[in-house]
Amino acid sequence: CGRRLCDCLASDDLQEALPALVDATVRLLQGSPSQPPASAEDAHDAAALQLLAAAASAAGGEFAPHAGATLSLVGGLMQSTANGGPEQQRLRGLATECVAGVLVAVGRSVVDDGAWAGLMQFTLAGLATESSDLRGSTHTFLAQTAQVLQEQFEPHLSAAVTGALASLNATEGDTSTRHSGVYTGLLEEKMTAAHALGQYSQAMGAGFAPYLAPVLQVLEQLLRHPREEMRLEVTLAAVKAVTCVLAPRSVDSAGNKRLVASGMRECGNGAVVALAALVREDDASAVAAAGCECVHELYEADCAAGERAISPAAHDAAFAAATA
């Protein structure tokens, strides 16, 4: 609802309405007790958090005057809900996503270094909770933060990747229905984790190389997941990971041509072969089409860098799949 409201307002109208909108939403959150019951109060808080995130996203840099107060209040809500039950954990997750939305809108500079360290430590702790909703929201926060920080995300990369792989490796219940429209919390968490891995690789570029092999090992296994939506998310994440590592390899900062490490060759070849099998065998046209497009992206990245990293055999497998 908040997203639709902000989208319906023209830029000038939103800028004019923003102070009143933020003020009303902040007052609603300030009126909440530190440990509200799982009731209409939770629903009000959830709506307020989603509205704040939508307003920040729509306003972009114009949200800067409201960022400090918003982050202080929402950060406090993250803390106050830390030890609550499932609904409180869901609120903590929405608060986490709201903070991410504000950071994307106005940038990292609105948070001082000390507060930033505390925020990241507390947020990363969300990956170790039993709440699938909170773990998914944490993946969303980290993915968006990586896009804001780019290479400066490196200190948090190991924990973020480890958390994403843990979510992807978690055991699901009955996923035998390939086209069921029912989403489980764990399925949504896994889709968010796969998307986050793609965002990390995109932000880090060649800095993602140490994580490429274990990430692709997990993603390639999930290319056979029963759910079409999951296979599609995994396909996109896998190709981002490979292209972001291979694409910048042509020259280093001094202008010298980089060579492709043998491990990166194996990863690139393995990804192409796996995607070729997806194109050939997947019964969902959207997934097969995405796989074909992703193979093309890998070729472009490989050719643009000069030195070929993908083997002729992998090229042949992909070409045979695309023309079958």
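**Salt bridges, helices and core of a predicted model**

The side chains of Arg 135 and Glu 189 form a salt bridge, 2.8 Å from N to O. The model is predicted.

Me: Which helices hold Arg 135 and Glu 189, and how many residues apart in sequence are the parts that the pair ties together?
Reply: Arg 135 belongs to helix 7, residues 132-149. Glu 189 belongs to helix 9, residues 185-204.

Me: Are Arg 135 and Glu 189 buried or exposed?
Reply: The cut-off for buried is under 20% relative accessible area. Arg 135 falls in that class, and so does Glu 189. Both are buried.

Me: How many of the 20 residues of helix 9 are buried?
Reply: Helix 9 reaches 28 Å from its first C-alpha to its last, close to the 28 Å expected at 1.5 Å a residue. It is largely enclosed by the rest of the structure, because the buried residues among its 20 number 15.

Me: Which residue just after helix 9 takes a positive phi?
Reply: The phi angle in question is about 60°. The residue sits just after helix 9 and is Gly 205.

Me: How many salt bridges does the structure hold?
Reply: One of them joins Arg 135 to Glu 189. Another joins Arg 108 to Asp 113, with the closest N and O atoms 2.8 Å apart. Asp 113 is exposed, at 60% relative accessible area. The total for the structure is four.

Me: How many residues apart are Arg 27 and Asp 23?
Reply: Their side chains meet in a salt bridge at 3.1 Å, N to O. Asp 23 is partly exposed, because its relative accessible area of 40% lies between the two cut-offs. Both residues lie in helix 2, residues 11-30, about one turn of the helix from each other. The separation is four residues.

Me: How far apart in space are Leu 21 and Leu 52, C-alpha to C-alpha?
Reply: Leu 21 is found in helix 2. Leu 21 is buried, with a relative accessible area of 17%. In sequence, Leu 21 and Leu 52 are 31 residues apart. In space, the distance is 8.5 Å.

Me: Leaving aside neighbours within four places in sequence, which residues are in contact with Phe 153?
Reply: Phe 153 is among the residues with the most contacts inside the largest nonpolar core, and so is Tyr 200. The contacts of Phe 153 are Leu 142, Thr 145, Ala 146, Ala 160, Tyr 200 and Met 204.

Me: What share of the 324 residues of the protein counts as buried?
Reply: The protein has 14 helices and zero strands. Its accessible surface comes to about 14,600 Å², with 55% belonging to carbon and sulfur atoms. The buried share of the residues is 50%.

Methods. Residues are numbered from 1 along each chain as its sequence is written. This is a predicted model: local features need pLDDT of at least 70, side-chain atom pairs count only at pLDDT 80 or more; totals for chains, interfaces and linings use all residues. Side-chain values use heavy atoms; hydrogens and water are left out. Helices (H or I, at least four residues) and strands (E, at least two) are DSSP runs, numbered from the N terminus. Buried means under 20% relative accessible area, exposed over 50%, partly exposed in between (1.4 Å probe, protein chains only). Accessible areas come from the Shrake-Rupley method with a 1.4 Å probe; for residues, only the protein chains shown count as cover. A nonpolar core is a set of buried Ala, Val, Leu, Ile, Met, Phe, Trp, Tyr and Cys residues joined through side-chain atoms within 4.5 Å. Contact means heavy atoms within 4.5 Å. The expected span of a helix is 1.5 Å times one less than its number of residues.
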